[in-house]
Amino acid sequence: MDSLTQVVLGASVAAVCVPQVAKRKAAIIGAVLGTLPDLDVLINYGDAVANFTYHRGFSHSLFVLFPFAILLWALLKKTYQPVKDAPMPWFFAITLALITHPLLDAHTAYGTQLFWPMTSPPISWSTIFIIDPLYTLPLLIGTLLILIKPDKTWASRTLISGIVISTGYLAWTWSAKLAVDNHVQASLENPASAIFSTPTAFNSLLWRVVVLHDDHYQQGFYSLLQPAKPIQFESFDLNKALLNQTQNIAAVQRLTWFTHGFIKTTIIDDHVVISDLRMGTEGNYVFNHAVAKIEHPHISEIESLLLPYNINPANLAFIWDTLTQKH
């Protein structure tokens, strides 16, 4: 999720745990802890694919964050008076501020390695877009009020309400995804290798669906506001032959693992480019990595490069138009 959401989530869950007298302090500490796991973006792992696939790794692992929370709490219990005064509430405040970050990230399409150093692919429940105002706004309001008026009971009640509303909205996204996936399964004419569904930008009503087949994939959109309308799928080539020629390249293997196989291969300026099919849309994918150079008749591995991405305003217009259609 975006940094603002992680900040206010950490602040909210920390502040709600502690006594009234310490709520402002807890909100500030929770905000810091809530964004701490994302500092792994400062680490250079060597090349573009490594930086892409090792993000949300060890710093987002529950096996790392739980012990870290215990150690930090033990240290503060000895050195920080508010924690000395209410040790158990602060234990929950610190722990929740840390672990809610990766748990929320796992709800997005990118994927989160919750159980690092286990080598299973990243968890990607893909129920919520990386920026969703309906999730963030209740937390933001509660956080601001508890920072401005920490001694007021109504501010605490607003904070609790914000957490309840946001959590309820997150639960709704699970229900929405279940409805979408059931509809997709009923709509497919041929068996699929894998299916990936994810909400489009800034909402949880219009969903993008990617269906993998052996040599091609399909893309379609489904609006929960028009549940009876069938999904119009378009088919695109995976360029499987070229992908097979690059299977021995470490970056390709890493991307295949990271994306659960949702990749396609294209040639751009004599470079082999791997696109992550989960984020973006056909013709405007967010993550495109050049991993090899074509030097006829050979394909030579190169240090991976992340190609520039430009937001296409037409995609946002498409979302709005689809959601506001009456039929």
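Student: Which strands make up the open sheet that includes S1, and in what order?
Tutor: That sheet has four strands in the order S1-S2-S3-S4, with antiparallel pairing. Before we go on: this is a predicted model, where local features need pLDDT of at least 70, side-chain atom pairs count only at pLDDT 80 or more, and totals for chains, interfaces and linings use all residues. Residues are numbered from 1 along each chain as its sequence is written, and side-chain values use heavy atoms, with hydrogens and water left out.

Student: What makes S2 and S3 a pair?
Tutor: Two strands pair if DSSP finds at least two bridges between them. Strand S2 (residues 206-212) and strand S3 (residues 216-223) run antiparallel and are joined by seven bridges, so they pass that rule. Valine 211, for instance, stands opposite glutamine 218 in S3. The strands themselves are DSSP runs of E with at least two residues, while helices are runs of H or I with at least four, all numbered from the N terminus.

Student: Why are S1 and S4 called edge strands?
Tutor: Strand S1 (194-199) and strand S4 (234-237) each pair on one side only.

Student: How do you know that H8 packs on this sheet?
Tutor: H8 touches S1, S2 and S3, where contact means heavy atoms within 4.5 Å. Its direction makes about 45° with that of S2; axes are lines fitted to C-alpha atoms, for helices over the stretch in contact, and angles run from 0 to 180 degrees between N-to-C directions.

Student: Why is threonine 100 called buried?
Tutor: Buried means under 20% relative accessible area, exposed over 50%, and partly exposed in between (1.4 Å probe, protein chains only). Threonine 100 has 17%, so it counts as buried. Its place is in helix H6 (residues 87-105), and leaving aside neighbours within four places in sequence, threonine 100 is in contact with Leu9 and Val13.

Student: And what about tyrosine 80 and tryptophan 90: buried or partly exposed?
Tutor: One of each. Tyrosine 80 is at 24% relative accessibility, so that residue is partly exposed. Tryptophan 90 has a relative accessible area of 1%, so it is buried.

Student: What makes the tyrosine 80 and tryptophan 90 pair edge-to-face?
Tutor: Rings of Phe, Tyr and Trp (its six-membered ring) pair if their centres lie within 6.5 Å; planes under 30 degrees apart count as stacked, over 60 as edge-to-face and the rest as tilted. Here the centres are 6.1 Å apart and the planes sit at 85°, so the pair is edge-to-face.

Student: Why is the pair of phenylalanine 52 and phenylalanine 287 called tilted, then?
Tutor: Those rings are 4.5 Å centre to centre, with 35° between the planes. Phenylalanine 52 is in helix H3 (residues 48-54) and phenylalanine 287 in the loop between strand S8 (284-285) and S9, 235 residues apart. Both phenylalanines are buried.

Student: What is the largest nonpolar core, and which residues have the most contacts inside it?
Tutor: A nonpolar core is a set of buried Ala, Val, Leu, Ile, Met, Phe, Trp, Tyr and Cys residues joined through side-chain atoms within 4.5 Å. The largest one has 34 residues, and Trp90, Ile94 and Tyr135 have the most contacts inside it. H6 gives the largest share, eight residues.
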